[in-house]
Structure formats: structure tokens, C-alpha cells
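Look at the structure, then read the points below.

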Amino acid sequence: MDRPTSAPGPTALEVDQINRLVRTTPAVWFLSTLGALICYLQFADSQTDSRLDWWLAAFCAVSTQRLVASLFVYRVPRSVRLIRWWLSSTLVHAALWGLLSVVLLTPGPPQAESILHITLVAIAMGGSVRLPGFRLTLIAHVGLVLGPLILRDLWTANPYHAVLAFLVFLIGVYALVSGRNQSLALREIHVQRQRNEELIVALQRENERSETARGVAEEANAARTRFFAAANHDLRQPLHAMRLLSQTLLEQGHKVDVAAVSTHLVECVEGMAEVIDDLLEITRLDVGHMAPHWSSFPLDDLVRECCRPHEPLALAKGLRLDIDVGRLAVHSDRALLARVLSNLVSNAIRYTERGAVRVACALTSDESHVWLDVEDTGIGIDEEDLPRIFEEFYQVGNPARDRHLGLGLGLATVKRLSDLLSLDVSVLRSAPGQGSVFSLKLRRVAMDEVTMSATAHPEPGAQEALLPGHRVLVIEDDADARAALTGLLRSWGCDVRSAADAATSLSHIRTGFRPDALVVDLRLPDGASGIDALRDVRALLGDEVPAVMVTGDAGSPHMRRAQDAGLTVMVKPVRPVQLRAFLGLVFAREQAPQPD
């Protein structure tokens with residue numbers, strides 16, 4: 001059974017008009033009662049029966065009832081029912097005026113007749129002023145007041161009253177036309193007022209949005225100021241140390257411990273590289289230049305790979321690094337998820353002095369997702385700090401900005417990558433001195449959806465043993481970078497040739513040098529592309545020689561073009577360990593026995 005629908009409420013114009021009627025009721029009561037008394041007194045002597053007395057009593061009763069009702073109606077909500085009642089009482093009031101013409105059917109003295117006609121015409125004109133918003137009620141009001149008077153004048157059948165009937169008819173038509181025009185004007189005013197109110201509301205909302213946007217902009221500006229201030233500090237600190245160490249080597253190279261100074265220089269370079277890498281990664285995430293590459297893979301393999309590099313530091317601090325992840329498969333971007341998990345594990349170990357760091361997982365209630373938790377027994381986080389821990393350079397427990405305690409970019413990167421991958425990163429629980437638990441939500445898939453990689457990953461020691469004696473061709477236009485890279489490769493035992501452009505690299509090959517691997521800068525002199533140079537070298541060799549592209553233009557169209565071509569790309573400054581691992585893997589594949 002359908003639910004009964006409620007009657008529509010009154011329109012705003014109807015409410016406004018009924019308010020006018022109610023407000024003017026006391027004045028109308030006074031004037032109409034005065035007019036009724038004057039008419040009564042003018043005709044009282046000429047009337048022989050009591051009909052006029054009864055009319056006056058009924059008129060005063062109705063008028064007084066409307067007056068009393070107007071004093072209480074302000075407390076009643078405006079409704080269709082109230083409007084109908086008030087309009088009905090108005091028509092009853094008009095009908096009583098029309099009844100006066102019937103009661104006074106016998107004409108009186110000329111003075112009395114003039115007062116009667118003036119009074120009724122005034123009542124009709126008053127209705128055109130008070131009832132323009134109710135067209136049908138206005139027509140009925142004028143008809144009830146003037147209709148009986150016109151018929152009375154015509155019934156009298158004398159020229160004087162005939163003229164009066166004609167004049168009253170014209171006045172009645174004028175009252176209706178005037179009421180119609182006022183109704184149209186009122187409707188236009190009401191529509192315009194509604195438009196103005198809507199405009200005011202829209203302006204208020206726009207002002208609120210502007211205030212919100214201004215607040216966001218001010219907060220963003222303040223965050224950017226903090227961001228650059230912290231970045232300025234964290235970049236200048238290692239640069240300052242590098243300048244002093246370099247000058248020490250230059251002036252007193254034979255008197256200083258070169259190994260120790262070199263170690264400090266490497267730490268400074270690694271520190272700067274870490275800041276730059278994190279800044280570039282955050283920038284790429286903010287401008288949308290990083291798109292996930294979705295795949296399905298075993299979660300436990302990924303967790304162990306991410307935790308393995310952190311085991312030495314955990315062991316050195318006397319911490320347990322526990323992994324409690326079952327044989328589950330998830331769907332995400334493997335590389336980006338590894339970055340998120342590695343940052344969380346690194347953060348947990350960095351801020352934990354005793355106890356353990358634990359990586360565990362649990363299924364959601366519907367088993368469609370996996371909760372991956374990184375739990376530590378470290379310093380914990382105050383509740384007031386929780387809203388800010390994902391801001392750039394914001395750190396808990398590192399007011400002196402000690403680089404060994406991180407740079408404050410790890411969790412900012414985690415947040416952005418988590419948003420990109422829809423991981424719903426959150427702090428499950430945290431308390432000062434009791435540690436923290438960070439949680440990620442991953443979509444679970446069946447193990448048969450996993451595409452297993454057939455590539456073997458040799459141990460680091462095996463990779464290092466494979467480097468000596470292998471030939472590497474370096475194509476790099478910057479002389480300093482080319483010399484440094486060539487020197488590094490030769491220190492690893494590689495046979496190296498270097499070139500500043502594609503033409504020089506091809507000349508090396510024509511003289512008989514056949515490289516086992518290529519290291520190519522993505523942007524070469526005169527706008528040439530390293531991708532084209534690589535293609536020319538491979539064409540001359542007639543072999544798809546393994547290659548790595550290096551570039552300082554992270555997120556550029558050139559870099560995306562290289563990635564789309566399936567090339568390995570490393571962003572400058574390239575970490576030697578990354579390059580060494582790549583070459584070791586390449587040479588391991590070359591020496592792996594081929595299947596029959």
C-alpha cells in the first residue's frame with residue numbers, strides 16, 4: 001500500500017500576502033466598522049423593520065471575530081489551511097457588505113445613497129489593494145461587494161441609479177484590472193527578491209569557499225616555507241661538510257686519514273642523494289607524474305625482500321626483526337609498495353632502541369583484503385603529534401634534525417604513495433614510550449593469479465665476483481661525470497671505454513671493442529637522445545646488449561619514453577650499489593647455463 005502524500009505547503013508569495021492581510025486587519029476593522037456605522041445612521045430613519053439592525057450586529061460580530069483572530073494568528077505556522085480560512089473569512093466579510101445593498105433595497109435620500117455607494121466602492125478598491133496575490137478571491141470579493149449594488153441600482157429603474165450602476169461597474173472593472181496589475185508586480189518583485197536571496201546565498205557560499213581556499217593557500221604557503229627551510233638545512237649541512245672535507249684533502253692530503261675522510265664524504269653524498277631523491281619523489285607524486293604498474297605477487301616474498309636490507313642495522317642495535325606473514329598474494333604496484341614498506345620498517349628501526357620490530361598481516365573479516373602492520377617498541381607518538389606525522393620534514397623526537405635519525409620525508413612519501421595505491425595507511429595505535437603500529441590495507445588475490453618471475457637473483461658476493469674482466473661502454477656528455485663513472489667501473493675491475501656522444505661510442509665499436517653492458521646518459525649534446533644512441537650501438541653490434549639509462553631529469557618526457565621502451569632507468573645521483581647490483585645481475589645472466 002502506497003504511503004499517502006502530504007499536501008503541498010503554501011508558496012512564499014502566498015505566505016507574504018497572508019501576512020499582509022493579517023497585519024492590516026486592525027486598520028481594516030476600524031475603517032470598515034466606521035463605514036458600516038455611517039451607513040447605518042444614514043438609513044436608520046428610513047427603514048421601518050429591523051433588518052438593518054440585524055445586519056449591523058452580524059457585521060460587527062464577523063469583523064470583531066476577524067480582529068481577535070488576527071491577534072492570535074501570529075503564533076500559528078503559516079499553512080494552506082490557515083490561508084484558506086482567512087480568505088474564506090474575507091469573502092464572508094465581503095458578502096456582508098453585498099448583503100447591505102439587499103437590506104437597503106429601497107433607495108434612501110440622495111445623501112445616504114452617495115455615502116452607500118462611496119463606502120462600497122471604497123471597500124471594493126480596498127480589496128484590490130489587499131488581495132492582489134489571490135486572483136480568484138479578489139474577483140469574488142469585488143463581485144460580492146459591488147454586484148448586489150449594481151443590481152439594486154438597475155432594479156430601481158431611474159436614470160440617476162442607472163448612471164450610478166454604470167459608474168460602479170467601471171470602478172469594479174478598474175479594481176480588478178488594478179488588482180491584476182498589482183499581482184503581476186508583486187510576483188515580479190517576489191521573483192526578484194528570491195533571485196536576490198539566492199544570489200546572497202551564492203555569494204555567502206562563494207565567500208566561504210574563498211575563505212576556505214585562502215586558508216588552504218595560507219597553510220600551503222606556510223607548509224612550503226617550512227618545507228624549503230628544512231630542505232635548505234638538510235641540503236646545506238652535508239654540502240658544508242663536503243666542502244670542508246674536500247679542502248682538507250686538497251691542502252693536507254698526505255697528513256690526513258684518507259680512508260676516514262673518504263668515508264665521511266660518501267656519507268655526506270649519500271645524505272644529499274637521499275634528500276634529493278625523496279624531494280623528487282614527493283614532487284613527482286604531487287604533480288601526478290607517477291602511475292602505478294599493477295600486478296599480483298606473493299606478499300611474504302616482498303616483505304622479506306624489504307626487511308633484508310634493514311637486518312644489519314636492527315642486529316647492530318640489538319633489536320629483533322620479526323616477520324609473521326603467511327603465504328598470501330596481493331594486488332598492487334610491487335615497487336611502490338616495497339618503497340612504502342621499506343620506509344615504515346626503516347622508521348620503526350630508527351626510533352626503536354630496544355625490543356623488536358614486527359611485520360605481520362591479518363585478513364579482513366570478509367577475507368577480501370589484508371591488513372599489513374609494522375609494529376615497533378620505540379619512542380611512540382604523542383596524540384597531539386599524530387595529525388602532523390605525514391607532513392614533510394616533520395619529525396618526532398628529533399628537534400636538532402640529526403640526519404642519522406632521518407630527514408622527515410619517509411612518512412610524507414608513505415602517505416603520498418599510500419594515497420596513490422589506495423592503501424589506507426593509518427596509525428593503528430601509538431603511545432609515548434610504548435611504540436607504534438602502522439597499518440596498510442591491501443587487496444587480496446588468489447595465489448593462482450600470481451605471475452612468478454623466472455629471474456634468479458644472485459647473492460651480493462656472487463655479483464661482485466662477476467664484475468672483473470667484463471667490458472662496459474659509457475656514453476656520458478658531462479666530462480666530470482664521465483671521468484668519475486669510468487674510474488668507479490675500473491675500480492671494480494671492468495674494462496671500460498667512454499664517449500661523450502653517439503659518434504665516439506660507435507668509433508670504439510668499429511675498432512673492435514664489444515661491450516657486455518652499456519651505461520648511457522639519457523640526454524646527450526645538441527639535443528640528442530641516449531635512446532637513439534643506444535639503438536645505433538645495438539644496431540652496429542647486431543645484439544641487444546643490456547643497458548641502463550641514467551638521467552637527472554626525473555619524471556621528464558625523456559624518462560617516460562625510456563621507461564615505456566622497457567629500458568632500465570636510474571636517476572642521478574646514481575648510487576654505486578645500485579649500478580653494481582645491475583651489472584652483477586646482467587653478467588650473471590650471461591654466464592647462466594642455457595636450457596637445452
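Strand E6 (residues 426-431) and strand E7 (residues 435-445) pair in the antiparallel sense, over 5 bridges. Two strands count as paired if DSSP finds at least two bridges between them. Strands (E, at least two residues) and helices (H or I, at least four) are DSSP runs, numbered from the N terminus.

This is a predicted model: local features need pLDDT of at least 70, side-chain atom pairs count only at pLDDT 80 or more, and totals for chains, interfaces and linings use all residues. Residues are numbered from 1 along each chain as its sequence is written, and side-chain values use heavy atoms, with hydrogens and water left out.

**The hairpin**
- Ser430 has Ser436 in E7 as its bridge partner.
- The hairpin of E6 and E7 has 3 residues between the strands.
- Gly433 in this hairpin takes a positive phi near 80 degrees.

**The open sheet**
- Five strands pair in parallel, in the order E9-E8-E10-E11-E12.
- Strand E9 (495-499) and strand E12 (568-571) stand at the edges; each has a single partner strand, so one side of each lacks a neighbour in the sheet.
- From one strand to the next, the twist averages 20 degrees.
- Parallel strands E8 (residues 471-475) and E10 (residues 517-521) are joined by 4 bridges.
- Ile475 stands opposite Val520 in E10.

**Helices across the sheet**
- Contact means heavy atoms within 4.5 Å.
- Angles run from 0 to 180 degrees between N-to-C directions; axes are lines fitted to C-alpha atoms, for helices over the stretch in contact.
- Helix H13 (residues 479-491) lies across E8, E9 and E10, at about 170 degrees to E9.
- Helix H15 (residues 530-541) lies across E8, E10 and strand E11 (547-551), at about 160 degrees to E11.
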